[in-house]
Amino acid sequence: MEELFFIQHEVMPALLRGLLISVELIIPSALCGIVIGVVVGVLRVFGHPLVVRLANTYVLIFRGFPLVVQLFIWYFGLPHLGIYLSPFVASVVGFSLCSGAYHSEYVRGALLSIKRGQLLAAQSLGFTKLQMIFSVVLPQAFRRALPGCGNEIIYLIKYSSLAYMITCIELTGEGKIIASETFKYTEIFLIVGAVYLVLTTIASWMLRRVENRLRLPGFDHYAM
Amino acid sequence: MTNKESVLRIEDMTKRYGQKDVLKDASLTVDEGQLKILIGPSGGGKSTLLQCINFLVTPDQGRVWLRGEEIIRSRKRDLYTYRQKVGMIFQDFNLFDHLTALENVKIGLLQVKKMSKKNAQDKAVYELDRVGLKDHMYKYPAQLSGGQKQRVSIARALAMDPDVMLLDEPTSALDPELISEVLSVIKDLRAHGMTMVMSTHHMGFAREVADEIVFLEDGVIIETGTPEKIFTAPECDRTREFCSKILELYGS
């Protein structure tokens with residue numbers, strides 16, 4: 001009975017509070033990540049050679065540095081330059097930039113899969129490069145990139161747990177605090193893990209719905 | 001030298017890939033309503049010539065005039081405007097896979113010509129009807145046969161009201177029984193006075209409808225003449241050899 005009381009009045013409110021912060025971290029990071037990924041992916045395929053190099057360097061760095069280190073730099077490093085980010089903002093910035101680097105790779109792959117002939121056809125109709133990218137290439141590439149990008153979003157949900165390392169106390173952070181107060185590590189982290197499982201399940205379900213929504217004849221590869 | 005009647009004129013078009021000249025000093029004048037057919041062995045430069053004309057391939061040398069006005073391809077605006085006036089039909093159709101037949105025809109009108117939605121819709125339906133595909137306009141490319149896809153691509157090019165159309169082996173990716181539906185559309189265009197340059201291996205078709213035949217080999221225009229002359233009394237041995245071989249293979 002005492003146990004139940006404890007869970008109801010101590011554990012649940014804390015975890016719920018954490019969950020809310022987690023969701024607040026994940027949603028903007030996922031959206032910014034996708035936008036960055038699409039822009040950088042397009043630049044890497046269609047940009048001026050100089051821009052391509054710049055974009056490639058961005059991806060190299062943000063995929064190469066461990067995410068925790070990136071978060072430390074945003075939170076503990078930037079103040080040396082006189083820039084102070086709150087733990088929450090530093091986390092969102094860190095997640096978005098890291099996620100964007102990975103997304104750009106999926107987007108790039110999808111862009112390269114568009115047949116060159118369609119680009120020629122667009123050009124032959126008098127399309128400018130920008131018109132061609134926006135009305136011919138991206139709508140197709142986005143559909144092709146979606147499974148990969150979805151994968152990255154699932155990852156993001158889980159690596160959002162790193163935010164507590166820079167004192168943005170989200171789900172994992174709250175869990176850790178309660179666990180160390182009560183020494184009930186196993187129980188608490190089982191619950192925390194289950195909550196992430198629920199989050200990723202919801203996300204996969206939503207992504208699948210988007211995929212179905214965007215499905216067109218000729219793009220449903222799995223209908224063999 | 002400049003012919004007032006000519007729709008399209010190209011001069012000394014040259015394209016090199018590394019050391020190899022895939023096109024060498026090709027010159028061509030296409031008059032209003034004329035159908036010019038390029039023949040010659042594969043890899044002879046027919047596609048390169050056609051793609052150099054609207055600068056899908058950047059020629060190393062050569063000048064192009066449309067209705068007497070030279071096209072300066074470094075002026076992007078001029079280049080885009082010029083391309084609107086030159087319709088291009090590709091061997092493998094190159095329809096936009098994510099758009100229906102109707103949207104494929106409409107997209108250029110909306111994006112490039114900035115037509116209103118209503119006008120673009122009407123125009124697209126009209127052009128699809130013209131190639132006999134009004135009943136299929138809501139289908140996606142993946143749901144159309146090769147011949148239908150090629151007819152959509154013709155409608156897409158026609159919708160832009162081009163001054164001249166370039167057709168790059170429009171039937172060579174089609175099953176034999178689908179070829180005639182595309183050829184008959186082309187014949188119909190010719191009857192309506194469309195100016196065209198087309199490459200093909202259909203000698204029978206070339207002989208029947210071409211105003212002039214251009215024989216191209218190793219990137220060089222070997223011989224030019226009426227179908228009569230090219231098929232019955234070519235000046236060059238090479239032309240004769242090629243024509244007889246092809247005729248033997250496909251019949252006339």
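Biologist: Within what distance must a side-chain nitrogen of Lys or Arg lie from a carboxyl oxygen of Asp or Glu to count as a salt bridge?

Modeller: A salt bridge pairs a side-chain nitrogen of Lys or Arg with a carboxyl oxygen of Asp or Glu, and the cut-off is within 4 Å. The model discussed here is a predicted one. Side chains of opposite charge can pair when their charged atoms come close. The limit asked for is 4 Å.

Biologist: Which residue forms a salt bridge with A:Glu174?

Modeller: The closest N and O atoms of the pair are 3.2 Å apart, and the rule requires them to be within 4 Å. The pair links distant parts of the chain, since A:Glu174 lies in helix α7 (residues 171-182) of chain A and its partner in helix α1 of chain A, 157 residues apart. The partner is A:Arg17.

Biologist: How many salt bridges does the rule find across the interface of chain A and chain B?

Modeller: Over all chains, the structure holds 24 salt bridges. Across the interface of chain A and chain B, the number found is 1.

Biologist: Which three residues supply more of the area that chain A buries against chain B than any other three?

Modeller: In this interface, 23 residues of chain A are in contact with 25 residues of chain B. Together the two chains bury about 2,100 Å², of which 65% is on carbon and sulfur atoms. Of the area that chain A buries against chain B, 28% comes from A:Ser124, A:Leu125 and A:Pro217.

Biologist: Which helices of chain A each supply at least two residues of the side that touches chain B?

Modeller: Between chain A and chain B, 6 residue pairs are in polar contact. By class, the side of chain A that touches chain B has 10 nonpolar, 10 polar and 3 charged residues. The elements that each supply at least two residues of this side are α5 (116-124) and α6 (129-159) of chain A.

Biologist: Which element gives the largest share of the nonpolar patch?

Modeller: The surface patch is formed by A:Val35, A:Val39, A:Leu43, A:Leu50 and A:Val51, with about 420 Å² of accessible area together. The largest share, 3 residues, comes from α1(A).

Biologist: How many helices does chain A have?

Modeller: From the N terminus on, the elements of chain A run α-α-α-α-α-α-α-α. The C-alpha trace of the chain spans about 75 × 50 × 20 Å along its principal axes. With 0 strands, the secondary structure of chain A comes to 8 helices.

Technical notes
Residues numbered from 1 in each chain as written. Chains lettered and ligands numbered in written order. Predicted model: local features only at pLDDT ≥ 70, side-chain atom pairs only at ≥ 80, totals over all residues. Heavy atoms only, no water. Contact = heavy atoms within 4.5 Å. Buried area = accessible area lost by both parts, 1.4 Å probe. Polar contact = N/O pair within 3.5 Å; in protein donor to acceptor, adjacent residues only side chain to side chain. Helix = DSSP H or I, 4+ residues; strand = E, 2+ residues; numbered from the N terminus. Nonpolar A, V, L, I, M, F, W, Y, C, P; charged D, E, K, R; others polar. Patch = residues over 30% accessible without salt bridge, like charges linked within 9 Å, V, L, I, M, F, W, Y side chains within 5 Å. Areas by Shrake-Rupley, 256 points an atom, 1.4 Å probe, with all protein chains shown as cover.
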